[in-house]
Amino acid sequence: MKIFGGNKMTEEKKIESIEIDSGETPPPEEKNGGGSSTGKGNGNNKKPENEKDYKTIFWVIVAVVYSILVGICYPLNQNVPSELFGYSYSWNWGLALFLVIVLYTITSIQILSPQEKGGRIFIGWFIDVLGPGGPVFVPFIICKLERISILQIPLELPDEPQNIYREEGSVPEGVKKVPPIRIPFGPADETTEGISKDDPLNRRMTEEVVPVVTLKIIDFKKFFTTIGSMDQLKRQLEDASVTMLMREFTKITPAVALKNLVVYNNTLQEAISERIGMGDYDKWWGVDILKAEIKLINFSKSLNKEIQSMAEATAKKRAAITVAEGKKESDKLEGEGKGAAEEATLRGRTAGLEHMAEKLKVHGSLVLGAETARGITNNAGQKTIIAGADGFGDLIKTAGAIAGTVMSIPQTANSTENGNAEKKEVTPDEA
């Protein structure tokens, strides 16, 4: 891996690239800063001269120990007569020791998958990076193998959802769960644009916030020697996230946080990048933060029910308004249809009356009177006659037309006591 110093390159002086024997890639550049990602620290970030090569020491110790044990097997490789509980038998101590060495060696071999590397740790000292993939020799009991994925690693903080204890109070003893990250949000700010003061999320409350960090281990040796394990890394990331959330979210309401979520995601990523030492090789943990974001703000059930009831009430109100507007529009269209039909009827009647007056060669008032008389005959019970503007003058003018029509009105008489009605024809002289 090539690590570049943080001093500016000039024509007089160029920064020397250094090969680090861990076989890893350099730390990514810091998101906000310019220049080299390793611009701070010990100048050219050279490997310290006093850093011990534990890998060589480890293999020397292994070779010496195996040589001694195998050497001991040779003089012991003979049958020794023994007796136990009255039974006589022979025992080859050299062969027995050799079989123990073989069994121990087999037990010390572990398998790494193609998607992971391992760190070999010998009595607390980091030895070297193993893998990815294949069998590796990790002496049983005296050595430990730390496995790390070489793929992108998403970490939900503080832990996976099934491991979060969301009940009231502290986590009971014996329950292997962790409490969620609860953040007290700040009071509402009336000057915030785009957020209603009646918004149920625009007020002070304490809610669970779930950050998610996606990372990748770049320098495994740096990771093992600086942070040590994924559990420790997760704790450090959680601390950085809580610090940032307490600093920012205690000033705003959840409504403001949701509106500006992209801004706070960037702030979270900057805080975590600073915590893992991005930009300074001496402090860097060998980790690249690919993405850091706030997955969700997990509101309580009561608040979710309140928001749901408000949404349902708003939907019912809009539905009622829509129905009323539809009824209004329907009545309007129906009235317009009836008006148009009535207008067509009047126009038709007027045209008919004009045609009748023209053919009979009489005044229009006589035709109108005749139509009025015909209407009376169609409704024998009608007792009210509406005359024209000239009152009885118009009524007298229509008398002749009415008289002829009235003569045709049948007179109804009561029949006998059994209720049978008999019709009696009225002659013009009787009328």
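## Lining of the largest cavity

The lining of the largest cavity splits into 8 nonpolar residues, 4 charged ones and no polar ones. The model is predicted. Among the lining residues are Leu157, Pro158, Pro161, Ile164, Pro180, Ile181, Val209 and Val210. Glu156, Asp159, Arg166 and Glu208 also line the cavity. The strand β12 gives the most to this lining, with 3 residues.

How much space lies in the largest cavity? About 40 Å³. The structure holds 1 cavity of 30 Å³ or more.

## The largest nonpolar core

Nonpolar side chains tend to be buried together in soluble globular proteins. Here, the largest nonpolar core has 47 residues. Those with the most contacts inside this core are Leu215, Phe223, Leu233, Leu237, Phe249 and Val287.

## Around Leu233

Leu233 touches Leu215, Phe223, Ile227, Trp285 and Val287, leaving aside residues up to four places away in sequence. Of these partners, Leu215, Phe223 and Val287 are also listed with the most contacts inside the largest core.

## A second core

A separate, second core has 11 residues. Phe58, Phe122, Leu130 and Phe137 are among them.

Note on methods. Residues numbered from 1 in each chain as written. Predicted model: local features only at pLDDT ≥ 70, side-chain atom pairs only at ≥ 80, totals over all residues. Heavy atoms only, no water. Core = buried A, V, L, I, M, F, W, Y, C linked by side-chain atoms within 4.5 Å. Buried < 20%, exposed > 50% of the residue type's maximum accessible area, 1.4 Å probe, protein only. Contact = heavy atoms within 4.5 Å. 1 Å grid on protein atoms, 1.4 Å probe; cavity = no way out; pocket = protein on both sides within 12 Å on 5 of 7 lines; lining within 4 Å. Points joined across faces, edges and corners; volume = space filled by probe spheres on them. Helix = DSSP H or I, 4+ residues; strand = E, 2+ residues; numbered from the N terminus. Nonpolar A, V, L, I, M, F, W, Y, C, P; charged D, E, K, R; others polar.
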